[in-house]
Amino acid sequence: MHAERAMRPVFISSPIYRATGYAGNHPLAIPRIGTVERLCAGLGWTGPAHPILDSPKADRALLLRFHSPDYLDALQRAERAGGASAEDRARHQLGTLENPIFPGLWDRAATSVGGSVLAAEIAHQDRIAYHPAGGTHHGRPDRASGFCYFNDPVFAILRLLDLGRRRVVYVDLDAHHGDGVEAAFAGDPRVRTISMHEAGRWPFTGLAHDRAGGQACNLPVPAHLNDSEFDRLMQGAILPLARAFHPDAVVITMGADALRGDPLSRLDLSNVALWQAVEALVQLAPAAVVLGGGGYNPWTLGRAWAGMWARLTGQAIPDVLPAGAQAVLAGLDCDLVEPEDRDPAWETTIRDPRNDGPVRPEIAALVARQRQAALTEEV
Ligand SMILES: [Zn+2]
């Protein structure tokens with residue numbers, strides 16, 4: 001743990017994530033945070049020694065710090081009416097297949113903002129705050145985007161700055177480009193955003209040369225990224241770029257959709273590689289916020305984010321799960337993952353085997369390019 005960090009990490013969540021949600025065949029209509037919490041509780045990783053802190057709900061005044069009043073009005077209007085008008089759909093991307101209107105939407109989205117602001121406040125005490133329900137990194141000031149209505153990582157970063165942190169590094173390991181966060185701080189010398197994401201995938205931004213006004217770093221990676229390649233990117237580019245910025249706080253969107261088996265992307269990381277990366281990132285600064293993000297395979301997401309909490313708190317992960325935890329995983333279902341694509345180990349274990357492999361030339365080129373950019377800045 002960080003040299004100045006003595007207190008235990010804090011897990012932030014809310015019962016609202018189990019009570020409300022996306023419906024039907026939406027990719028987020030799977031039990032995500034509920035699975036993480038049930039696994040953690042079943043394995044003794046949360047409880048009296050590691051309580052889960054209840055997330056407050058952000059009020060309108062707080063939301064106005066980043067989102068426009070027109071957009072907030074439209075969101076409330078759409079939820080009340082049970083659907084968006086044609087005008088609100090066109091102006092704010094609400095009520096689309098991607099960003100549907102469902103009961104409890106406002107409260108759920110506002111709670112994720114409240115949770116990330118609380119995470120920032122806890123992190124400011126030189127601690128690690130873990131808020132896996134956060135990470136809605138595509139949200140824009142005046143529109144929904146990519147299943148995200150508000151942008152809670154932006155609020156976490158703003159809170160850290162308000163509290164007096166001077167230089168914040170944001171690292172996004174989700175399979176999709178962290179476009180909303182990058183745009184929010186484009187040209188802001190206090191925030192460096194670093195996003196690793198699958199090349200050629202929605203939202204199709206975050207090209208290697210795109211610096212978004214100066215401080216952004218983008219690492220678009222080829223499909224089937226393996227653990228060896230990810231380690232090279234971390235050691236050769238992501239960590240050096242983050243350190244070169246000399247951050248006093250770090251905010252991480254870890255994602256679970258860069259893991260092997262995710263139905264919406266084609267990256268092949270093991271959860272062990274993701275855990276190691278996040279463990280290295282939280283060492284970058286005394287204040288650390290770890291957020292969730294995307295992830296559309298309920299087995300790989302539940303295992304990765306429960307295991308992440310065990311790792312951050314130094315609790316042992318059994319090789320084979322006890323019956324209760326196996327039952328949590330066996331009880332999951334997902335229309336997007338075909339039965340023949342379900343790895344039997346997803347129901348009996350938490351830890352993946354590492355997925356090492358050759359490091360392709362484009363990875364080495366990406367590292368060289370980004371390292372050059374970091375060295376140039378340090379001079
Ligand atoms: Zn994603």
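Start with the largest nonpolar core, which has 112 residues. Select Ala123, Val250 and Val289, the residues with the most contacts inside this core. The model is a predicted one. Now colour H6: the largest share of the core, 11 residues, comes from this helix. In soluble globular proteins, nonpolar side chains tend to be buried together.

Stay on Ala123. Leaving aside neighbours within four places in sequence, Ala123 is in contact with Ile128, Ala129, Leu160, Ala249, Ala287, Ala288 and Val289.

**H6 against H7**

Next, show helix H6 (residues 105-123) together with helix H7 (residues 152-162). Their axes are 8 Å apart, and the helices pack at an angle of about 30 degrees. Their crossing is right-handed. Which residues of H6 and H7 meet? On the H6 side, select Ser112, Val113, Ser116, Val117, Ala119, Ala120, Glu121 and Ala123. On the H7 side, select Asp152, Pro153, Phe155, Ala156, Arg159 and Leu160. Colour this contact by class: 9 residues are nonpolar, 2 polar and 3 charged.

**Around H7**

The buried residues are Asp152, Pro153, Val154, Phe155, Ala156, Ile157, Leu158, Arg159 and Leu160. What covers them? The cover includes H6 and helix H8 (179-184). Strands also contribute: E4 (168-172), E5 (191-198), E7 (249-253) and E8 (287-291) are among the covering elements. Then step past the end of H7 to Gly164, which follows the helix and has a positive phi, near 115 degrees.

**H2 against H12**

Move to helix H2 (residues 33-42) and helix H12 (residues 323-330). Their axes come within 9 Å and cross at roughly 170 degrees. H2 and H12 are therefore roughly antiparallel to each other. Pick out Thr35, Arg38, Leu39 and Gly42 in H2; they meet Gly324, Ala325 and Val328 in H12. By class, the contact of H2 with H12 has 3 nonpolar, 3 polar and 1 charged residues.

**Backbone stops**

Most residues other than glycine have a negative phi, and most peptide bonds are trans. The next stops depart from this pattern.

Select Asp126, in the loop between H6 and strand E3 (128-131). Asp126 is not a glycine, yet its phi is positive, about 60 degrees. Is Asp126 buried or partly exposed? It has 18 C-beta neighbours inside 10 Å, so Asp126 counts as partly exposed.

Go on to the loop between E5 and strand E6 (217-221), where Pro203 lies. The peptide bond from Trp202 to Pro203 is cis, with omega near 5 degrees. Phe204 is found in the loop between E5 and E6 as well. Phe204 has a positive phi of about 70 degrees, although it is not a glycine. With 12 other C-beta atoms within 10 Å, Phe204 is exposed.

**Last stop: Ala208**

Ala208 also has its place in the loop between E5 and E6. With 17 C-beta neighbours inside 10 Å, Ala208 counts as partly exposed. Which residues does Ala208 touch? Select Asn218, Pro220, Leu366 and Arg369; residues up to four places away in sequence are not counted. Finally, draw a distance from the C-alpha of Ala208 to that of Ser195. The two residues are 13 apart in sequence and 9.9 Å apart in space.

Definitions and conventions: Residues are numbered from 1 along each chain as its sequence is written. This is a predicted model: local features need pLDDT of at least 70, side-chain atom pairs count only at pLDDT 80 or more; totals for chains, interfaces and linings use all residues. Axes are lines fitted to C-alpha atoms, for helices over the stretch in contact, and angles run from 0 to 180 degrees between N-to-C directions. Helices (H or I, at least four residues) and strands (E, at least two) are DSSP runs, numbered from the N terminus. A crossing is left-handed if the near helix is turned anticlockwise from the far one by less than a right angle, and right-handed if clockwise. Two residues are in contact if their C-beta atoms, placed from the backbone, lie within 7 Å. Ala, Val, Leu, Ile, Met, Phe, Trp, Tyr, Cys and Pro count as nonpolar, Asp, Glu, Lys and Arg as charged, and the others, Gly among them, as polar. Angles under 35 degrees count as roughly parallel, over 145 as roughly antiparallel, 65 to 115 as roughly perpendicular and the rest as oblique. A nonpolar core is a set of buried Ala, Val, Leu, Ile, Met, Phe, Trp, Tyr and Cys residues joined through C-beta atoms within 7 Å. A residue is buried if 20 or more other C-beta atoms lie within 10 Å of its own, exposed if 12 or fewer, and partly exposed in between; C-beta atoms are placed from the backbone.
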